[in-house]
Amino acid sequence: YFKGQMFPDEEEIQRVNPFDWQRAFPHVFAAGGFDAVIGNPPYGAILQEKDFDYMSFEFTTFKGLKDVYVSFIELASKILRKGGLFSYIVPSSWLGGTAYQELRNFLLNYQINNIVLLPFDVFIDAYIDTLIFVASAQIPHPNHIVCTYEYPKKFKISTIEIDKYSEVEQATWGLTDGQKFILSFEVVKLLN
């Protein structure tokens, strides 16, 4: 029940018209799900209250947030086969922003392989800090190492070339205040 009514009702489903992945790709789900999901989900979209209510109902990571990209991250994990990979370019604010703790808690249940923090102004018309992450739809080993890289803020790139990743034990993020994802091994070591 949601606000005293069964939610979402048939009228709301028709209005929102969510894509039914299992109905559209029955052969993929019969085989366990997609091997990979990649993308650049929308961010910064302004939602109407009804849309916000629907998204909050459908996606646990969306609670208290108003940015739809978090629901794309959760959806990717739902449509992948066990061990499948998902990778997105998204705003970097979820790494430590207080409103994104639910998303960080959610992602800690998946094996995060790489996080690359990109320099500012990677997109010509979007002034937002972004990152690329790759994760696997599987529970991380307790000693799983995440390869991270941080470009300098004002660095200009035409191709992504990484000379040496920093290696951070994923489990340490579960121990930080607010489960913040700190990408530098040296900073994690200092905080510990």
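Student: In which sense do β2 and β4 pair, and over how many bridges?

Tutor: General idea to start: strands of a sheet pair through backbone hydrogen bonds, either parallel or antiparallel. Here β2 and β4 pair in the antiparallel sense, over seven bridges. Two strands pair if DSSP finds at least two bridges between them. The elements themselves are DSSP runs, numbered from the N terminus: helices are H or I with at least four residues, strands are E with at least two. Within this pairing, Val90 stands opposite Leu131 in β4.

Student: Before I go on, what sort of model am I reading?

Tutor: This is a predicted model, so to speak of local features you need pLDDT of at least 70, and side-chain atom pairs count only at pLDDT 80 or more, while totals for chains, interfaces and linings use all residues. Residues are numbered from 1 along each chain as its sequence is written, and side-chain values use heavy atoms, with hydrogens and water left out.

Student: Okay. In what order do the strands of the open sheet run?

Tutor: Six strands form it, in the order β1-β2-β4-β3-β5-β6, with mixed pairing. The edges are β1 (34-39) and β6 (166-169); each has a single partner strand, so one side of each is left without a neighbour in the sheet. Neighbouring strands are turned by 15° against each other on average, direction ignored. For angles like this, axes are lines fitted to C-alpha atoms (for helices, over the stretch in contact), and angles run from 0 to 180 degrees between N-to-C directions.

Student: Which helix packs on the sheet, and which strands does the helix touch?

Tutor: That's α5, touching β1, β2 (80-91) and β4; the direction of α5 makes about 165° with that of β2. Touching means contact, that is, heavy atoms within 4.5 Å.

Student: What does β3 pair with β4 over?

Tutor: Six bridges, in the antiparallel sense, between β3 (residues 111-117) and β4 (residues 130-136). Gln111 has Ser136 as bridge partner in β4, and Ile112 stands opposite Ala135 in β4. β4 is mostly covered, with five of its seven residues buried. Buried means under 20% relative accessible area, exposed over 50%, partly exposed in between (1.4 Å probe, protein chains only).

Student: Back to α5. Is Ser71 buried or exposed?

Tutor: Buried, with a relative accessible area of 3%. Ser71 is found in helix α5 (residues 69-79), and a polar atom of the Ser71 side chain lies 2.5 Å from the backbone oxygen of Val68. Leaving out residues up to four places away in sequence, Ser71 touches Met55, Phe59 and Thr61.

Student: How many salt bridges does the structure hold?

Tutor: Two. The criterion is a side-chain nitrogen of Lys or Arg within 4 Å of a carboxyl oxygen of Asp or Glu. In one of them, Arg81 and Asp35 meet at 2.6 Å, N to O. This pair links distant parts of the chain: Arg81 in strand β2 and Asp35 in strand β1, 46 residues apart. Arg81 is partly exposed, with a relative accessible area of 29%.

Student: What is the distance between Lys78 and Glu74 in their salt bridge?

Tutor: 3.3 Å, N to O. Lys78 and Glu74 are four residues apart in helix α5, so about one helical turn separates them. Lys78 is partly exposed at 45%, whereas Glu74 counts as buried at 3% relative accessibility.

Student: Now the rings. How many aromatic pairs does the structure hold?

Tutor: 16. A pair of aromatic rings is described by the distance of the centres and the angle of the planes. Rings of Phe, Tyr and Trp (its six-membered ring) pair if their centres lie within 6.5 Å; planes under 30 degrees apart count as stacked, over 60 as edge-to-face, and the rest as tilted. Among them, Tyr43 and Tyr69 are edge-to-face, 6.1 Å centre to centre with 85° between the planes. Tyr43 lies in the loop between β1 and α4 (49-58) and Tyr69 in helix α5, so the pair ties together parts 26 residues apart in sequence. Tyr43 is partly exposed at 22%, but Tyr69 is buried at 0%.

Student: What geometry do Trp94 and Phe181 show?

Tutor: Edge-to-face, 5.2 Å centre to centre and 75° between the planes. Trp94 sits in the loop between β2 and α6 (101-107), and Phe181 in the loop between α7 (170-173) and α8 (185-191), so this pair ties together parts 87 residues apart in sequence. Trp94 is buried at 1%, and Phe181 is buried at 5%. Ring pairs link both into a cluster with Phe86, Tyr88, Phe106, Tyr110, Phe133 and Trp173.

Conventions: Polar contact = N/O pair within 3.5 Å; in protein donor to acceptor, adjacent residues only side chain to side chain.
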